[in-house]
Amino acid sequence: MSPPTVQPERLLTVDQVAELLAMSTAWVRQHSNGMRRPAIPSLKLGKSVRFRRDRVLEFVRSMEREV
């Protein structure tokens, strides 16, 4: 019997992150390529940018402010 295969984590696109954050794709691109702060953690794969969902959600939690 062969060992179970592990599915790799599915990475998110700029469009998917923009939808998740309710922000524009331009905002996501600027905050993922270092043009703007705070920086969203991202992966550069050739000409494409991808995101790990858990890291994006961690980024959002880190932006929360206590009032």
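Predicted model: local features only at pLDDT ≥ 70, side-chain atom pairs only at ≥ 80, totals over all residues.
Helices here are DSSP runs of H or I with at least four residues, and strands are runs of E with at least two, numbered from the N terminus.

Ala22 sits in the loop between α1 (14–21) and α2. Its phi is positive, about 55 degrees, although Ala22 is not a glycine. Most residues other than glycine have a negative phi, and most peptide bonds are trans. Ala22 is also exposed, with a relative accessible area of 67%. In chain order, Ala22 follows α1.

Now for α1 itself. Its buried residues are Val14, Val17, Ala18 and Leu21. Looking down the axis of α1, these buried residues fall within an arc of 100 degrees, so they line one face of the helix.

What covers the buried residues of α1? The cover includes α2, β2 (48–50) and α3 (53–62).

Take α2 from that list. The helices α1 and α2 pack at an angle of about 110 degrees, and their axes are 8 Å apart. That makes α1 roughly perpendicular to α2, because angles of 65 to 115 degrees count as such. On the α1 side the contact is made by Val14, Asp15, Val17, Ala18 and Leu21, and on the α2 side by Thr25, Trp27, Val28 and Arg29. Sorted by class, the contact of α1 with α2 has six nonpolar, one polar and two charged residues.

Helix α2 also holds His31. Is His31 buried or exposed? His31 is buried, with a relative accessible area of 5%, and under 20% counts as buried. Its side chain reaches the backbone oxygen of Pro38 at 2.8 Å. Leaving aside neighbours within four places in sequence, His31 is in contact with Arg36, Arg37, Pro38, Ala39 and Ile40.

Pro38 lies in the loop between α2 (25–32) and β1 (43–45).

| Site | Backbone angle |
|---|---|
| Ala22 | phi about 55 degrees |

Key:
Residues numbered from 1 in each chain as written. Heavy atoms only, no water. Buried < 20%, exposed > 50% of the residue type's maximum accessible area, 1.4 Å probe, protein only. Arc of directions from axis to C-beta. Contact = heavy atoms within 4.5 Å. Axes fitted to C-alpha atoms, helices over the stretch in contact; angles between N-to-C directions. Parallel < 35°, antiparallel > 145°, perpendicular 65-115°, else oblique. Nonpolar A, V, L, I, M, F, W, Y, C, P; charged D, E, K, R; others polar. Polar contact = N/O pair within 3.5 Å; in protein donor to acceptor, adjacent residues only side chain to side chain.
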